Amino acid sequence: MAGLPLYAQLINLLAAILLLLAFAMLTQRRVLSLVNLFAAQGVALGVSTAIVAYGTGQGHLYASAALTFALKVCLLPWLLHRLIRKLDVKWDVEGLINVPTTMLIGIVLVVFSFNLAYPISQLASTVTRATLGIAMASVMLSFLMMITRRKALPQVIGFLAMENGLFFAATSATYGMPMVVELGIALDVLVGMLILGVFFFQIREQFDSLDLKHMEKLKEGD
Amino acid sequence: MSAAAIASQLLQLAIALALAPLLVGWVNQCRAWLANRSAPPLLLPYYTIRKLFVKDAVVAENASAVFRTTPYIVFAAMCCAAAIVPSLATDLPFARAADAIALVGLFALARVFIALAAMDIGTAFGSLGARREMLVGFLAEPALLMVLFTASLISGSTSLPTIVDTFAHRELAIYPSLAFAGVAFTMVSLAENARIPVDNPATHLELTMIHEAMLLEYSARHLALMEWAAALKLFNYSCIGLALFFPYGIAAAGGDWLAMLGAAPALIGKLMIGGFLLALIETLSAKMRIFRAPEFLGTAFLLAVLAMLVNQMLGS
């Protein structure tokens, strides 16, 4: 630890914050706070990308940090806030299944992904390779969040948070993907978000609610 | 074992016994300032303890020996803990008797006896308080252990003086795991010392009490010892927190008297800041429903476990 340069220590710190935010999202009941946590995760991600760019001198990572800020801190939270306003679900509180149990499952997932990532990160040669496990854990936690939620909007936020984790894995393990791939993914997420936004209105029109348990029935009328 | 080490051990114990009520008085004063009330005298806890010592003790008719001996056991446990926790110096001969895990055991011993004594009389409020105390305790203890394990993993020892020596003399580096552990430790100490998000130390409503409900049957010298022990517990927890997360200024092993003289004002300054922060947390937060306490302590446990895992993964 003491041998690491300051920028690597900062990246480790931001990785830890990213993991903490993933847990906070897992246990957050209010939709509005969930969006804010997502934006905070975007900030941590953008800052860590910028620090990797500074520390390793990879110029194209500055662009991807800027892209993260524009997309995940400004545009997507703004879109989500607008959706919440339009769908009038601002004060929605979700009855989560047993928060302590969810946390314990989360801890098990973290242990699992740390174990999984450990041999892989031993092979990597980057300074930030230790954070691969954390990136994997935050992907897993977002996945768990999507599983435990019943409403449509938190599920979408979970999906977006999962992409955050993947992006962090890419920067920490390999110093970022080629610019074309990054731009493509960013566009995918944006378009996906827009389409899902339209879907929300369709779902609500059909079922009078955003609760996805209504969609489990295959036939009409029973 | 040198004479200086024994002297520092005794001095530290004396300072803990003398300063513990003062810390409570300081926290109460800060709370009054923050709430825009006129503050009680800083020395009020001393006056209370003296007043209680000169009064005649009244013990319930059906009280057993457990009820009567509990104040002494609890007070002795807290004194032992004060002797183990390095607050002033790390050269403590007595600390070799017990490591961080035994320290948690000492706190648990005190808790079990308080709960037994509260149930001994057979009043409703006593048993109610005892049950709540055990509910809080069994959730807080693993979190506290995890915090201490994180510190032990970083320093490679479970002995508190060694941990503090390592932390005080390491080169400056960012430890995300220690930050997590620090937040977890703050939450645990709030719960363990019956502070506001979990319990209200100033409440007069028996139904909302946890710690106070267990002391309802005590009077005079027994109550004085219990109050003093509670003050010592707050002092001990503050010193553990300071020793683990802000060890700077503590007198190192093999130091001379000058180091001890420098360490005392540093300790008092750190305790004053810590006490003010405690009052600030208490003023800013509202008391939780008792059934939210498991969630609060579950979060503390989660943070402590994350601290340990992050420490394993990042090596920091």
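**Note on a predicted two-chain model**

1. The contact between the chains. In this predicted model, 18 residues of chain B are in contact with 20 residues of chain A. On the chain B side, the elements that contribute two or more residues are α7 (176-192) and α11 (293-314). Of these, α11(B) gives the most, with 11 residues. By class, the chain B side that touches chain A comprises 12 nonpolar, 4 polar and 2 charged residues.

2. The nonpolar core. The largest nonpolar core has 157 residues. The residues with the most contacts inside this core are Leu18(A), Ala143(B), Val147(B), Ala184(B) and Ala304(B). Helix α9 (residues 220-245) of chain B gives the most to the core, with 17 residues. As a general background, nonpolar side chains tend to be buried together in soluble globular proteins.

3. Surroundings of Ala143(B). Once neighbours within four places in sequence are set aside, Ala143(B) is in contact with Ala184(B), Val188(B), Leu297(B), Ala300(B), Phe301(B) and Ala304(B). Two of these partners, Ala184(B) and Ala304(B), are themselves listed among the residues with the most contacts inside the core.

4. Helix α5 of chain A. This helix covers residues 132-148, which amounts to 17 residues. From the first C-alpha of α5(A) to the last, the reach is 25 Å, close to the 24 Å expected at 1.5 Å a residue. Of the 17 residues of α5(A), 13 are buried, so the helix is largely enclosed by the rest of the structure.

5. Packing of α5(A) against α6(A). Two packed helices are described by the angle between their axes and the distance between the axes. Here the axes of α5(A) and helix α6 (residues 152-174) of chain A come within 8 Å and cross at roughly 170°. An angle over 145 degrees counts as roughly antiparallel, and α5(A) and α6(A) are therefore roughly antiparallel to each other. The residues of α5(A) that meet α6(A) include Leu132(A), Val139(A), Phe143(A) and Met146(A). On the α6(A) side, the residues include Gln155(A), Phe159(A), Met162(A), Leu166(A) and Ala173(A). By class, this contact has 14 nonpolar, 6 polar and no charged residues.

6. Ala82(B), a buried position. Ala82(B) lies in helix α3 (residues 65-84) of chain B. It counts as buried because 23 C-beta neighbours lie inside 10 Å, and the cut-off for burial is 20 or more. Ala82(B) and Asn236(B) are 154 residues apart in sequence, yet their C-alpha atoms are 5.9 Å apart in space. Apart from neighbours within four places in sequence, Ala82(B) is in contact with Leu13(B), Ala16(B), Leu232(B), Phe235(B) and Asn236(B).

7. Phe138(B) is partly exposed, with 13 other C-beta atoms within 10 Å. Leu145(B) likewise counts as partly exposed, with 17 C-beta neighbours inside 10 Å. Beyond residues up to four places away in sequence, Leu145(B) touches Ile101(B) and Val104(B). The C-alpha atoms of Phe138(B) and Ile114(B), 24 residues apart along the chain, are separated by 14 Å. For Leu145(B) and Gln12(B), 133 residues apart along the chain, the C-alpha separation is 24 Å.

8. Tyr62(A). This residue is found in helix α3 (residues 59-87) of chain A. Tyr62(A) is partly exposed, with 14 other C-beta atoms within 10 Å. When neighbours within four places in sequence are left aside, Tyr62(A) is in contact with Ala50(A) and Ala53(A). The C-alpha atoms of Tyr62(A) and Thr49(A) are separated by 7.3 Å, and the two residues are 13 apart along the chain.

9. Backbone points to check. Most residues other than glycine have a negative phi. Asn36(B) has a positive phi near 65° and is not a glycine. Asn36(B) is placed in the loop between α1 (3-34) and α2 (44-54) of chain B, and with 6 C-beta neighbours inside 10 Å, Asn36(B) counts as exposed. Ala220(B) also has a positive phi, of about 50°, although it is not a glycine. Ala220(B) is placed in helix α9 of chain B and counts as partly exposed, with 16 C-beta neighbours inside 10 Å.

Definitions and conventions
Residues are numbered from 1 along each chain as its sequence is written. Chains are lettered from A and ligands numbered from 1 in the order in which they are written. This is a predicted model: local features need pLDDT of at least 70, side-chain atom pairs count only at pLDDT 80 or more; totals for chains, interfaces and linings use all residues. Two residues are in contact if their C-beta atoms, placed from the backbone, lie within 7 Å. Helices (H or I, at least four residues) and strands (E, at least two) are DSSP runs, numbered from the N terminus. Ala, Val, Leu, Ile, Met, Phe, Trp, Tyr, Cys and Pro count as nonpolar, Asp, Glu, Lys and Arg as charged, and the others, Gly among them, as polar. The expected span of a helix is 1.5 Å times one less than its number of residues. A residue is buried if 20 or more other C-beta atoms lie within 10 Å of its own, exposed if 12 or fewer, and partly exposed in between; C-beta atoms are placed from the backbone. A nonpolar core is a set of buried Ala, Val, Leu, Ile, Met, Phe, Trp, Tyr and Cys residues joined through C-beta atoms within 7 Å. Axes are lines fitted to C-alpha atoms, for helices over the stretch in contact, and angles run from 0 to 180 degrees between N-to-C directions. Angles under 35 degrees count as roughly parallel, over 145 as roughly antiparallel, 65 to 115 as roughly perpendicular and the rest as oblique.
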